[in-house]
Amino acid sequence: MISLRKRNGAKRTMANKTQEVGDIHFPFPFTPYSIQKDFMAELYQVLEAGKIGIFESPTGTGKSLSLICGALSWLRDFEKKKRQEEARVLETETVPLSDGKHQPSFLSSSGQETPDTLRPVGEPDWVTQFVQKKEERDLVDRLKEEQIRRKKREERLQQIRHDTQLKYAAKRERQEEEETERLLRLSREVLAAGTGAELLEQLASGEEELVLSEYESDEEKGTANGLDEDEDDLEEEHVTKIYYCSRTHSQLTQFVHEVQKSPFGKDTRLVSLGSRQNLCVNEDVKNLGSVQLINDRCMEMQRSKHESKSRAEDKEPKRRRQEPRGACPFYNYKQLQLLRDEVLVEVKDIEQLVTLGKEARACPYYGSRFAIPAAQLVVLPYQMLLHAATRQAAGIRLQGQVVIIDEAHNLIDTITSIHSAEVSGSQLCQAHSQLLQYMERYRKRLKARNLMYIRQILYVLEKFVTVLGGNIKQNPNTQSLSQTGTELKTINDFLFQSQIDNINLFKVQRYCEKSMVSRKLFGFTERYGAVLAPRKEQPKLAGFQHFLQSLQPGVAEAPAAPMEEEATVPRPASPLMHIEGFLAALTTANKDGRVILSRQGHVIPPDNILPLIICSGPSNQQLEFTYLKRELPQMMDEIGRILCNLCNVVPGGVVCFFPSYEYQRQVHAHWDKSGLLARLAVRKKIFQEPKRANQVEQVLMEYSRCIKCCAQVGGMVTGALLLSVVGGKMSEGINFSDDLGRCVVMVGMPYPNIGSPELQEKMAYLDQTLPRTPGQAPPGKALVENLCMKAVNQSIGRAIRHQKDFASIVLLDQRYARPPILAKLPAWIRDRVEVKATFGPAFATLRKFHHKKSGHS
């Protein structure tokens with residue numbers, strides 16, 4: 001494992017020089033530092049010995065370049081020695097016997113059995129000699145075949161290198177049947193089945209694509225091969241290679257650029273692997289937005305292709321209720337061959353691979369995978385290497401290969417993330433409701449096996465909601481929990497408690513994967529929404545719009561977006577897609593998995609919360625705490641005036657969050673100088689969040705003790721005011737329930753440091769990678785807004801902690817009233833927020849709220 005950091009050292013003139021360390025020659029673009037020589041030499045020795053190495057080197061020492069030159073030098077020498085040994089064997093047609101210590105590298109690396117493998121005791125010598133001779137002949141034949149394949153590959157790549165004017169003449173193979181013929185055929189089938197006029201109406205509206213195909217399990221039909229017969233020769237024998245993985249695509253792209261600049265950049269066969277989201281060139285699929293939707297649609301198109309092929313080969317094809325949708329025009333055998341070879345000719349990063357795929361009209365996702373066997377260097381993200389199913393699907397074989405892991409200190413977090421799945425009670429209820437409506441609508445058209453599995457899924461969803469303490473028949477946004485808290489359970493204990501231990505989750509998971517029921521369900525809800533209404537009373541899109549609103553409710557004051565903008569909004573994935581990941585996790589061995597049940601009383605009655613956005617203060621000062629304005633004296637005075645008014649009507653504790661420790665210190669010092677601090681102290685005792693973690697508990701104890709004492713004694717001081725910091729010790733993990741937090745105030749918007757190099761790199765990557773939606777903020781800016789609102793939501797969520805709790809939430813900045821910002825507030829706040837342009841009406845509403853609540857408390 002290699003741990004690398006970004007280069008930040010002085011640049012030197014690039015001039016290829018071969019450095020000799022001991023008996024090893026390392027091509028290098030300039031005279032290396034001594035630490036780089038040591039790095040390459042140690043790396044070479046680790047690879048030569050087949051061991052595990054952990055490397056670390058100071059910033060500025062060119063670790064990436066040292067890694068590239070060291071590892072590829074070893075691979076160059078390894079291939080040279082392997083070919084020499086192969087040539088010697090082919091010349092003499094005998095295999096040198098191994099003494100148990102030194103074995104020919106082409107044997108040890110390929111995992112083949114050696115001629116001197118131990119035989120059963122007591123075998124006659126002539127049998128042993130015969131077996132050995134046969135194995136020698138087989139090995140010689142295998143080496144000859146491998147040599148022929150290698151020669152063909154080299155000739156093919158050489159031809160592509162010299163033929164720069166190569167043009168791709170393959171035509172797109174989309175073949176769609178006429179719509180009228182489809183409808184006539186389906187109509188005849190429906191009439192023959194006697195299903196009636198209602199289903200004819202469904203067919204005429206194009207609903208047949210929403211209905212599940214007849215399902216057969218693997219035990220009934222056997223496992224089909226993923227490639228057509230004419231695609232078999234795409235699979236070659238894997239040569240010894242280096243797998244290099246890192247955490248982000250930007251880090252991988254940077255590494256590929258380093259390879260391009262290195263002395264090995266011209267001759268190395270490098271393949272960059274990525275997800276479908278990054279490599280898909282089919283705009284219809286890529287525009288689905290969601291990673292899960294893109295993956296499902298791609299798999300469905302591949303399945304459609306193979307189903308079409310199998311039907312064409314059948315002499316008497318089975319009559320089907322629905323015709324599968326067209327195969328992807330970019331998944332073409334000849335074009336994938338050309339793309340595979342083009343990938344191996346020259347080192348390319350992800351962006352260059354996508355451009356090449358568009359020009360060749362061939363899929364970069366599959367083309368890059370077909371290039372893996374012949375590649376010498378495979379560049380891929382952590383997740384693809386560490387997740388077994390993904391690794392197998394990509395055709396990655398690690399036995400006898402070299403694996404280099406960049407930034408290895410991130411491995412634990414990455415592995416935890418890969419093998420974790422989280423679903424909410426709301427998602428479970430939504431999935432159950434949608435699937436139940438789907439089953440009711442298409443019950444007459446679904447085969448018995450489909451109905452059986454759907455009922456099993458509905459049963460599982462209902463039991464999951466029950467174990468969380470909810471009721472599947474009630475609205476998840478209005479029901480409350482009798483028991484709260486967190487439990488840790490083994491997988492078996494959770495299955496027993498959920499009463500689903502009698503369900504074969506392996507078969508259910510396989511059904512979800514093969515039938516693509518979640519995608520059918522997504523299309524169903526996309527068309528009709530969460531609740532079906534009579535067709536005559538509801539336009540086609542109205543249900544879908546209502547469904548979107550149920551997932552991301554908007555604010556009543558926000559104007560409706562025009563239809564052109566609605567069409568560009570990323571479509572949310574079906575909740576069942578998230579649940580499928582959780583079902584897969586439940587098939588893990590009992591000893592390897594744990595289930596955390598988190599029951600929270602997050603459902604708050606509407607009249608127990610008062611969220612306010614205040615756009616101007618008592619002196620009509622506009623509240624916009626930008627970095628340039630927030631340090632103005634009049635802005636700091638306005639914060640003090642607002643808090644003075646709030647402290648006069650809010651009982652108990654008031655928690656005020658500032659965007660940073662430094663700004664909190666400046667405001668406190670200004671109030672002390674202007675006299676506002678003394679005015680605040682008349683009604684509330686003032687506490688400040690400490691910077692030292694060991695002082696937090698003491699401040700909280702004194703804050704709590706003060707509030708309790710004031711409630712018992714009475715008098716002018718009615719509680720306490722705690723000045724806190726967003727992202728600090730008080731903004732996460734500490735509860736200000738009941739009297740500890742009757743009002744939470746957020747001063748400004750806590751945007752992250754835009755000058756951070758790391759954040760700028762993330763923004764630049766998102767802006768370059770993700771398409772910009774017309775009328776919406778660039779992806780990089782959206783990231784900054786998301787980070788800001790995540791911090792806000794963590795802070796304001798500290799106050800309301802149970803169903804009977806009540807509090808007001810005051811957001812001091814007119815920017816909170818913007819629709820894109822409002823949409824990022826939690827639903828339980830967003831649905832009830834009130835925007836106040838001036839302070840007077842806001843203060844009246846707040847005083848009325850606390851007067852009413854204090855009277856009932």
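**Notebook: salt bridges and a sheet**

I started with Glu-48, which is partly exposed at a relative accessible area of 40%. The model I am reading is predicted.

**Entry 1. Glu-48 and its partner**

I looked up which residue forms a salt bridge with Glu-48. The partner is Lys-81, and the closest N and O atoms are 3.0 Å apart. I then checked where the two residues sit. Glu-48 belongs to helix 1 (residues 34–49), and Lys-81 belongs to helix 2 (residues 63–92). They are 33 residues apart, so the pair links distant parts of the chain. Lys-81 is also partly exposed, with a relative accessible area of 34%.

**Entry 2. Two other bridges**

I searched the whole structure for salt bridges and got 16. I noted two others from the search.

Lys-261 and Glu-258 meet through their side chains at 3.7 Å, N to O. How far apart are they in helix 8? They are three residues apart in that helix (residues 249–261), which means about one helical turn separates them.

Asp-739 is partly exposed, at 33% relative accessible area.

Seven strands make it up, in the order 11-12-10-13-14-9-15. The sheet is open and its pairing is parallel. Which strands stand at the edges? They are strand 11 (684–688) and strand 15 (834–836). Each has a single partner strand, so one side of each has no neighbour in the sheet. From one strand to the next, the twist averages 20 degrees.

Strand 9 (residues 609–614) runs parallel to strand 14 (residues 807–812), and they pair over six bridges. Ile-609 stands opposite Ala-807 of strand 14. As background, I noted that strands of a sheet pair through backbone hydrogen bonds.

**Entry 3. Helices across the sheet**

Last, I looked for helices lying across these strands. Helix 26 (residues 633–649) lies across strands including strand 10 (652–658), strand 12 (719–725) and strand 13 (743–747). Strand 11 and strand 14 are also among the strands helix 26 lies across. Helix 26 runs at about 175 degrees to strand 13.

Helix 27 (residues 661–674) lies across strand 10, strand 11, strand 12 and strand 13. I recorded its angle to strand 12 as about 135 degrees.

Conventions. Residues numbered from 1 in each chain as written. Predicted model: local features only at pLDDT ≥ 70, side-chain atom pairs only at ≥ 80, totals over all residues. Heavy atoms only, no water. Salt bridge = Lys/Arg side-chain N within 4 Å of Asp/Glu carboxyl O. Helix = DSSP H or I, 4+ residues; strand = E, 2+ residues; numbered from the N terminus. Buried < 20%, exposed > 50% of the residue type's maximum accessible area, 1.4 Å probe, protein only. Pairing = 2+ DSSP bridges. Axes fitted to C-alpha atoms, helices over the stretch in contact; angles between N-to-C directions. Contact = heavy atoms within 4.5 Å.
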